[in-house]
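Open the model in your viewer, switch to a cartoon display, and keep the selection panel at hand. We will go from one selection to the next, with a short account of what is there at each stop.

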Amino acid sequence: MSADQRDGFPGPPMFEIVIAGHGLRCPAEGRVLLEMERQGKKFLPVGCRGGGCGICRVEVLRGRYRTLKMSRLHVSVEEQRRGFALACRLVPESDLELRPARRQAH
Ligand code: FES
């Protein structure tokens, strides 16, 4: 069942996630990257899906969210405080605006 099919039925609230200008609907308790994949969209690169590889790193520009466990190699405590996160570990608590923030290779 797609996110849109759930609209109008009892269930978790749906949030609007804007990633570099592209829209995505994500249920509360959904993880942004996995929901993007489920909907066949390719706004962000996908890797391990478990917070370990860092390929899906984003900066949250607007909105409330929580994060699941993430590798500190890719998002330090200080960066997390400033709004950086891994999209595969990002759970929306409101509409969100994100932009890709992949680290440059050294
Ligand atoms: S896909 Fe590997 S950290 Fe998100």
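Begin by selecting the five strands that form an open sheet, which lie in the order β2-β1-β7-β3-β5 with mixed pairing; strands here are DSSP runs of E with at least two residues, helices are runs of H or I with at least four, both numbered from the N terminus, and two strands pair if DSSP finds at least two bridges between them. This is a predicted model, in which local features need pLDDT of at least 70 and side-chain atom pairs count only at pLDDT 80 or more, while totals for chains, interfaces and linings use all residues. Residues are numbered from 1 along each chain as its sequence is written.

At the edges of the sheet you will find β2 and β5, each of which pairs on one side only. Strands of a sheet pair through backbone hydrogen bonds, either parallel or antiparallel.

Next, select β1 and β2, which run antiparallel and are joined by six bridges. They form a hairpin with two residues between them, and in the turn Ala20 has a positive phi of about 50°. Within this pair, look for Ile17, which stands opposite Leu24 in β2.

Now move to β3 and β5, another antiparallel pair, joined by three bridges. Here Arg57 stands opposite Leu86 in β5.

Which residues have the most contacts inside the largest nonpolar core? They are Ile17, Leu44, Ala85, Leu86 and Ala87, in a core of 22 residues. Such a core is a set of buried Ala, Val, Leu, Ile, Met, Phe, Trp, Tyr and Cys residues joined through C-beta atoms within 7 Å. At least two residues of this core come from each of β1 (14–19), β2 (22–27), α2 (32–38), β3 (57–62), β5 (84–86) and β7 (96–100).

Finally, select Cys53, in the loop between α2 and β3. Is Cys53 exposed or partly exposed? Cys53 counts as partly exposed because it has 17 C-beta neighbours inside 10 Å; a residue is buried with 20 or more other C-beta atoms within 10 Å of its own, exposed with 12 or fewer, and partly exposed in between, with C-beta atoms placed from the backbone. Beyond its neighbours within four places in sequence, Cys53 is in contact with Gly47 and Cys48.

Terms used
Contact = placed C-beta atoms within 7 Å.
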